[in-house]
Each structure stands twice: as C-alpha cells, then as structure tokens.
Amino acid sequence: MSTALQFTAGGLLASDLAAESATTEHRPLIITLFAAFVVATLFITVWAGRQTKSAADFYAGGRQFTGFQNGLAISGDYMSAASFLGIAGAIALFGYDGFLYSIGFLVAWLVALLLVAEPLRNSGRFTMGDVLAYRMRQRPVRTAAGTSTIVVSIFYLLAQMAGAGVLVSLLLGITSDSGKVLIVALVGVLMILYVTIGGMKGTTWVQMVKAVLLIAGTLLITFLVLLKFNFNISDLLGTAAEKSGHGTAFLEPGLKYGATETSRLDFISLGIALVLGTAGLPHILIRFYTVPTAKAARKSVNWAIGIIGAFYLMTIALGFGAAAVVGPETITASNKAGNTAAPLLALHIGGTDSAGGAILLAVISAVAFATILAVVAGLTLASSSSFAHDIYANVIRRGQATEKEEVRAARWATVAIGVVSIGLGALARDLNVAGLVALAFAVAASANLPTILYSLFWKRFTTQGALWSIYGGLISSVVLVLFSPVVSGKPTSMFKDLDFYWFPLENPGLVSIPLGFLLGWLGSLLSKEKPDTGKYAELEVKSLTGTGAH
Amino acid sequence: MATDAPSPPHGDTDTNPAQPTTEQFVEMQKSAEFAELRHTYRSFAFPLTVAFIVWYLLYVLLSNYAGGFMGTQLFGNINVALVFGLAQFATTFLIAWLYSRHAAAQLDPRAEAIKARMEAEL
C-alpha cells in the first residue's frame, strides 16, 4: 500500500513540474535524490512495522535501542529545519545575533541531562503525561499534559511545514500556491505513513539515517567554505561582514536585537525560552523511553550533546559562509526570512554555472528534505501517543482500554494530526523557521518544564499546582504570541493586513515561563488537597533508582 | 504506571513490571541509604544547573548591554563575542562530561544497590 501511495505522490509531483515547464538541468537529480530517500525510509518503515506488535513497540520501539543509537536519533529529532535552514538564514542576514540560536539550543541539553532524562526514563512509560500525572489525580492532569503536548507539537510542526514549502519553491521552481500545497500534502502523507506503519521503531531509524545525512552534508559544505578561505576563519568573517553591508557590526551582537529597548528584551526572552524549552519538548522526552535503562538515557544525551554541538559549531561556517559567498541580496530575494541561505550556499560554493553547484544543491536540498521528514515524524508520534495514551486510554476510557485499542487510537490520531498540520502549513511560509520553533520552545518551557521539575523534586506539589502551571503557562504563552507582532501588525507578520497586536515581544518566554513556575507554586500552596506523600515516595525512589521501572 | 489498577507482585512484561508496595517505597524514601543517594545527586546537579544558567544568562546580558566589550577584536576579525559564544560550547561539553563522571562513580552504584535490594524483596 505504501509503495502505491508513494508512486502516486511522485507522479503528481512530476506532472506538476511538467506543468511548471521550468525544467533546468539539476531538477531531475534533486527529484531522484528526494525519491531515493523516500523509498529507502519507507522500506525501513515497513520493515520496522513488521516488528511492531505491542504497545511498547509502537510507543517506545521496544525499549531496545542502545545509547548511541538513541543519541543519533535524538540528534535527528532535534536538528530540525529550524536548525539547518533557519539558523543559517538568521546568521546570514543578521550576523552574530543569529548565533544565539545555536548556543541556546545546545546549552539547553544540560537541563535535560542533569535534571530530566534519567528520572523521566525511570518513572514514566510512554509519554510525558506518565510522569506529570504520576502523583496526581490522573484524569485532569493527563488531560492537561495531553493538551499541552499537542499544542507544542503543532507549533513545531508549523515551522517544519513552513520549511518544506520554502525548500520546494526554491528547488523545484514551484511558486504556485497549488504546487506548494501539494508538497506540504506530500510531506503530510509521508509522515502519516512513517508513524502509523513504523511506530517508534520506524521513526527512530528514519531519524538516525537523517542525522547521518545531515552531519555529512554539513561537514561537506563547511569543508568547502573553509577551503575557499584557506581555513582562515578571520578572513571568512571579514568577507561576510564586508558583503553584509554592515561592516564589523555584523560580527557583533545587536544587529537584529540591539535597536530598541523592546528588541533587547526580546533577545532575553528568546534566550530564556531556548535554554529552558528543550527539556519540556514532548517529542524529545519520549525518546528517552526507547532505551532500556536510565544509564542508557544518560549515554544517549551525551552522544546527542556531542553530535548536536558539532553541528551547531558548523552553523557558523554555514551562516557566515552564506553571507560571504552568496550575499544578503540574493538570499533575501529568494526568501525574505533567509530560510534558503544553506541551499543557496551549496549552489554558489559548488559554482553556479557548473554541474558541481547543481549537484551540491541537490544533495543539500535532499538533506534538508530528509531533515524535515524525520522531525515531523517524531512530532506526530509524540502528539498521537499522548492523545492515545493520556487522553483516550486514561481519561476517556479510564484506564480500561486494551493495548490494541490504544495503539489503534494512536494510529487514527496520527492521521488527524497529519491532516491538521497540512492545513496549517500553508499559513506560515514567510516566517523565519527558527523564530517559529523558538515559539514552540517558549510554550514548552512555560507549560511543561515547571510541572516536570516540581513533580520530580518538590514534595508539596499538588494536582491544583500542576493544572495551574500547565494551563497557565500554555494559555499565557499562546495568547501572548497571538497578540504579538509575529501574528499581526507588521510587514513580517503572519497576517500582514490585520493589526491587533499589543504585546511588544515576539517571544513570550520572558513573561510566560516565570508565570508557569509561579502558578505551579501558588496553586500548590493554595490547594485544599494535601499532596499524596505515598505516591511521591514511589516517584522519588523510582526516579532516582529505577526500581520497578518499565 | 499508566493505570490505577494494582500491579501483580511478580511480572516480567513491559505492561506490568514487578512493583514494591507504596509502604516499601515510603520506608525506602525515609532510609539513610536513600537520603545519601538523594544528597549525592542533588548537591551535584542543582548547583551545577544554577551555575550554567547564570553563565549562559551572563552571555545573553553581555550581548545585549555590553556591545562595545563584546565587539572588541582579539585576533583579526575574531572578537570577544565569538570567543564567548565558543566558550559556551566548551562549558557545555565540560559539564556533560563532569556530570557523567560523577553519575558513574557516585550515583550508579548507590542506585543499583537500592534497586537490587528492593526488587529482591518482591
């Protein structure tokens, strides 16, 4: 079935291309590489699907991955279109200010390593909600955890879909809206197939393959950029600064965020959201359940920190390289938000008139496409798992659903979430992908992280505290984004022609994260219900020792 | 656990791993052995977390409010801001290594001893 669908989608893609009639030389190569990745990953998916029988297989890949494998998959899950397309673009256009993303996205892993990964692995089973609801009244807290998982994942999905639209319009010359919708739909169909058929096992392998491709592609471009500047980084930076038209200010902080007091606050808000968001991202957290022990979870984070750190170091070469070699005019002409900087760099560094440039562009684009597919699969799995395990099995069926029914619900939820994200994908295409992902980080840090930390470490935390914190963080961050310049009132907004913004910052983290923590504390103090000390003893001993862990 | 249903005392599947009773967990939580494990973990992880967050915020604030200092050129076009950014990478790798070393030497043996004893009593 999957092959038939894939061929249909491929056929549509080709016919749409023919309709565009703009067939430059490298287009067949790009499509061949895209198709090769799609066929290979679908093959993996079907293979993994055959081994997916129990709920633990579907949700957690049978918990049989090694620390290294999971570290690679975490890297594949985490280095999204935001990292590859968004950060390269942000550095290419705003210089040093774009580099904050790389630093924040990496440092954030220490929160996951020191405070979250191991306790979560020891005390949960399939979802973030397992840990959040452990000590609490199950139904209300699981409803809250499920809601926040789905909202965070959809924000993140939106960013990936925007990245897919951008890539395709650059590569395939598809500028018509119907062409872009078709591509977003293709991505949506593929992610539904990966998750419904392959479950966590298939998704994990797709993410591992993608991580290897992304690292290899980035290494290649980094090497070529450095080679062009004789491995003289100072020279690379100097040329980038000169080409940018900003001079040395391009290499200093402040170009994007230093203009006004408000934009400085926005920088702090972004910085906090980045560093506290990672350990609250459901699609990252569920990856810790795919290894057998907490020790393996620690090893996977260490591998991830190494791989992700190496990748983010290379974003310096990608971003400044794009500014130096391609130049900001060409980049902004292609995409206002800079999302095409990395593929354009590949084209220019290989030579715009030579086969080398075309081949590099094709390779890097295929890598970016693989990146998007692997991340959307992880996000879809996280949200459908949470729907099926937290909301369907534990809230609607009150824990009476069989494993089979639960997994069936997860598969249907996957289809629904796929359809929703295809629908939303078209709305966000002119926003910087990294900026969009930063919003998902802010929501995760406001709604999820406070409850995770209080649950694990604070004995007086109560159900009311958890609910206030999750809903307070979730609602405040989403409402602030809704009334921010991201959505309306500026030329760069999602709805340019409307103006209903009153919250000045693009990232809500500065307000909503402290609010999430405050509400969790206040809700617990004002709670009439006493905390369940027996359950806390279970959670604390389990989380630190792994006694009775799944 | 996913459900409120009590688990069977002996089980080896993922669905129902063998669980000590709540009383056994409470007793363990109050024990000196567990208090020592908790202290060994928290006294290392908590201050280190505060330290790297402060260090990171210092970087964010300097970027924002000390543009002149951050723009100081050190070698060629390499300025303080870039070196500061790279130092964040270096400290991240260092802290990950320090924590893992501490966990392997101090936490894992204590955690495993408690787990083995509690699961042997089932």
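I began with Q160(A) and listed its contacts, leaving aside neighbours within four places in sequence: S80(A), A81(A), A82(A), I372(A), V375(A), V376(A), L379(A) and V437(A). I note that this is a predicted model. Q160(A) lies in helix α9 of chain A. I looked up its accessibility next: Q160(A) counts as buried because its relative accessibility is 0%, and the cut-off for buried is under 20%.

I then followed helix α9 (residues 138-171) of chain A to helix α21 (residues 463-482) of chain A. Their axes come within 10 Å and cross at roughly 25 degrees.

I wrote down who makes the contact. From α9(A) the residues are P140(A), V141(A), T143(A), A144(A), A145(A), T147(A), S148(A), V151(A) and F155(A). From α21(A) they are T463(A), A466(A), L467(A), I470(A), Y471(A), L474(A), V478(A) and V481(A). I sorted the contact of α9(A) with α21(A) by class and got 13 nonpolar, four polar and no charged residues.

Last, I checked the nonpolar cores. The largest one has 220 residues, and Y78(A), F84(A), Y101(A) and W109(A) have the most contacts inside it. Helix α17 (residues 355-396) of chain A gives the most to this core, with 21 residues.

I picked Y101(A) from that list and looked up its neighbours. Not counting residues up to four places away in sequence, Y101(A) touches I87(A), A90(A), Y257(A), L270(A), L274(A), A434(A), G435(A) and A438(A).

Conventions: Residues are numbered from 1 along each chain as its sequence is written. Chains are lettered from A and ligands numbered from 1 in the order in which they are written. This is a predicted model: local features need pLDDT of at least 70, side-chain atom pairs count only at pLDDT 80 or more; totals for chains, interfaces and linings use all residues. Side-chain values use heavy atoms; hydrogens and water are left out. Axes are lines fitted to C-alpha atoms, for helices over the stretch in contact, and angles run from 0 to 180 degrees between N-to-C directions. Helices (H or I, at least four residues) and strands (E, at least two) are DSSP runs, numbered from the N terminus. Contact means heavy atoms within 4.5 Å. Ala, Val, Leu, Ile, Met, Phe, Trp, Tyr, Cys and Pro count as nonpolar, Asp, Glu, Lys and Arg as charged, and the others, Gly among them, as polar. A nonpolar core is a set of buried Ala, Val, Leu, Ile, Met, Phe, Trp, Tyr and Cys residues joined through side-chain atoms within 4.5 Å. Buried means under 20% relative accessible area, exposed over 50%, partly exposed in between (1.4 Å probe, protein chains only).
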